[in-house]
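I opened this entry to record the fold, the sheet and the core of the chain. My notes follow the display.

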Amino acid sequence: MSAITDPDRLAALAESGLLEPGHDMAQLARLTRLTTEVLGLHAAISVVDATTQHVIAKSDDALAPPQRSPVEDGVCALVVADGTPLHVEDARASERDPI
């Protein structure tokens with residue numbers, strides 16, 4: 001079984017409510033803006049379900065509707081699958097969707 005489709009991980013994601021319509025993303029939006037202010041970097045918070053990478057907050061338009069891409073197109077699935085941090089020197093140069 002892949003970490004992407006791990007039932008415990010998917011149950012925890014569902015229980016978090018992060019993908020529920022109307023979930024309050026204000027705190028996550030503030031976190032991405034603070035990251036940008038302090039570090040001077042673009043910040044995003046993404047979650048990965050079994051098929052989709054969901055960008056739920058971004059520092060440049062943190063209150064925009066969530067963006068989605070197929071799980072195989074994003075870098076976040078690599079982190080979930082490997083279970084270790086992933087360092088990307090320049091996400092703009094990545095062949096995968098950086099967020």
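I took helices (H or I, at least four residues) and strands (E, at least two) as DSSP runs, numbered from the N terminus. The model is predicted: local features need pLDDT of at least 70 and side-chain atom pairs count only at pLDDT 80 or more, while totals for chains, interfaces and linings use all residues. Residues are numbered from 1 along each chain as its sequence is written, and side-chain values use heavy atoms, with hydrogens and water left out.

I then looked up the sheet. It is open, with three strands in the order β1-β2-β3 and antiparallel pairing; strands pair if DSSP finds at least two bridges between them. β1 and β3 (67-70) are the edge strands, each pairing on one side only. β1 and β2 are joined antiparallel over five bridges, and A44 stands opposite K58 in β2.

Next I checked what packs on the sheet. Helix α2 (residues 26-39) touches β1 and β2, where contact means heavy atoms within 4.5 Å. Its direction makes about 75° with that of β2; axes are lines fitted to C-alpha atoms, for helices over the stretch in contact, and angles run from 0 to 180 degrees between N-to-C directions.

Last, I listed the largest nonpolar core: L13, M25, I45, V47, I56 and A57. β1 (44-48) and β2 (52-58) each supply at least two of its residues. Such a core is a set of buried Ala, Val, Leu, Ile, Met, Phe, Trp, Tyr and Cys residues joined through side-chain atoms within 4.5 Å; buried means under 20% relative accessible area (1.4 Å probe, protein chains only).

Technical notes:
Buried < 20%, exposed > 50% of the residue type's maximum accessible area, 1.4 Å probe, protein only.
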